Amino acid sequence: MTNDGGDGLAVLDDPVGESLRGRHAELGRRHGRAATYLPEVATFSAISADAGAADWADLARLLGRDAFADMFSCPAVPPADWEPVFVLEGRQMLWSAGGTSGADAGVVELGAADVPEMLDLIARTRPGPFWPRTRELGTYLGIRDGGRLVAMAGERLRPPGWTEISAVCTDPEVRGRGHAARLVGALADRVLARGERPFLHVAEKNAAAIALYERLGFTTRKHVTFRGFRTP
């Protein structure tokens, strides 16, 4: 299923590469046509969809021997000596609700001092990759209960004209209170205020998250396959 519904969609076919060539250039490394984030920021790497052996060799030089290459939704297939690590079916969804949500009540912005709590919440909820410097990719918002961080969401990939919402997670003890919806809505408000559009990625098996995002106004643009490999 594909729902284009607007202009400027081509950059979403390579969100990692577009981010590393633009907004996140200072948070990554490049060699030839290969690029990757700094290790403590993200594990995502990017390579051209028509990559040849030389391009994969450039990426291997960037990452090092026996290193993890998270290729996100890149359709290019590496040489046979790159060991497959994982394959995960997912979808890319776009904000189509039209207006802002006014969902800022009880939401706080998270900074460098909050990283230990953010990492602890990530470890307990496992929403996806998150490292000590991931928060540098964009704005991260949280909700506290009795002073304790119990829910979080933030901005990740930043292709031109778009911002990805990611790391949406809630402590199991406080689920069902609408925290995720408030955080996603508050982030969408900030993205729209900058004149950009929100988008996100979600695992196909996470039916509850897909249903939530659809209720919030996201629609599926396309289905994607996430892949990871280990360099030779």
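Q: Which residue takes a positive phi in the hairpin of β1 and β2?
A: Glycine 32, with phi near 60°. The hairpin has two residues between the strands. This is a predicted model.

Q: What does the pair of tryptophan 56 and tryptophan 82 tie together?
A: Tryptophan 56 lies in helix α2 (residues 53-63), and tryptophan 82 in the loop between β4 (68-70) and β5 (83-95), so the pair ties together parts that are 26 residues apart in sequence. Both tryptophan 56 and tryptophan 82 are buried.

Q: Why are phenylalanine 72 and phenylalanine 226 called edge-to-face?
A: Their ring centres are 5.1 Å apart and their planes stand at 65°. The cut-off for edge-to-face is over 60 degrees, so the name applies. Phenylalanine 72 lies in the loop between β4 and β5, phenylalanine 226 in strand β11 (residues 218-230), so this pair ties together parts that are 154 residues apart in sequence. Phe44, Phe72 and Phe226 form one aromatic cluster.

Q: How do you know whether phenylalanine 72 and phenylalanine 226 are buried or exposed?
A: Buried means under 20% relative accessible area. Phenylalanine 72 has 3%. Phenylalanine 226 has 7%. Both values fall under the cut-off, so phenylalanine 72 and phenylalanine 226 count as buried.

Q: What makes β4 and β6 edge strands?
A: Eight strands form an open sheet in the order β4-β11-β5-β10-β9-β8-β7-β6, with mixed pairing. β4 and β6 (108-110) each pair on one side only. The twist averages 30° from one strand to the next.

Q: How do you know that β6 pairs with β7?
A: Three bridges link β6 and β7 (residues 140-145) in the antiparallel sense. At least two are needed, so the strands pair. Valine 108 stands opposite glycine 142 in β7.

Q: Which strands does helix α5 touch as it packs on the sheet?
A: Helix α5 (residues 207-216) touches β5, β9, β10 and β11. Its direction makes about 25° with that of β5.

How values were computed. Residues are numbered from 1 along each chain as its sequence is written. This is a predicted model: local features need pLDDT of at least 70, side-chain atom pairs count only at pLDDT 80 or more; totals for chains, interfaces and linings use all residues. Side-chain values use heavy atoms; hydrogens and water are left out. Helices (H or I, at least four residues) and strands (E, at least two) are DSSP runs, numbered from the N terminus. Buried means under 20% relative accessible area, exposed over 50%, partly exposed in between (1.4 Å probe, protein chains only). Rings of Phe, Tyr and Trp (its six-membered ring) pair if their centres lie within 6.5 Å; planes under 30 degrees apart count as stacked, over 60 as edge-to-face and the rest as tilted. Axes are lines fitted to C-alpha atoms, for helices over the stretch in contact, and angles run from 0 to 180 degrees between N-to-C directions. Contact means heavy atoms within 4.5 Å.
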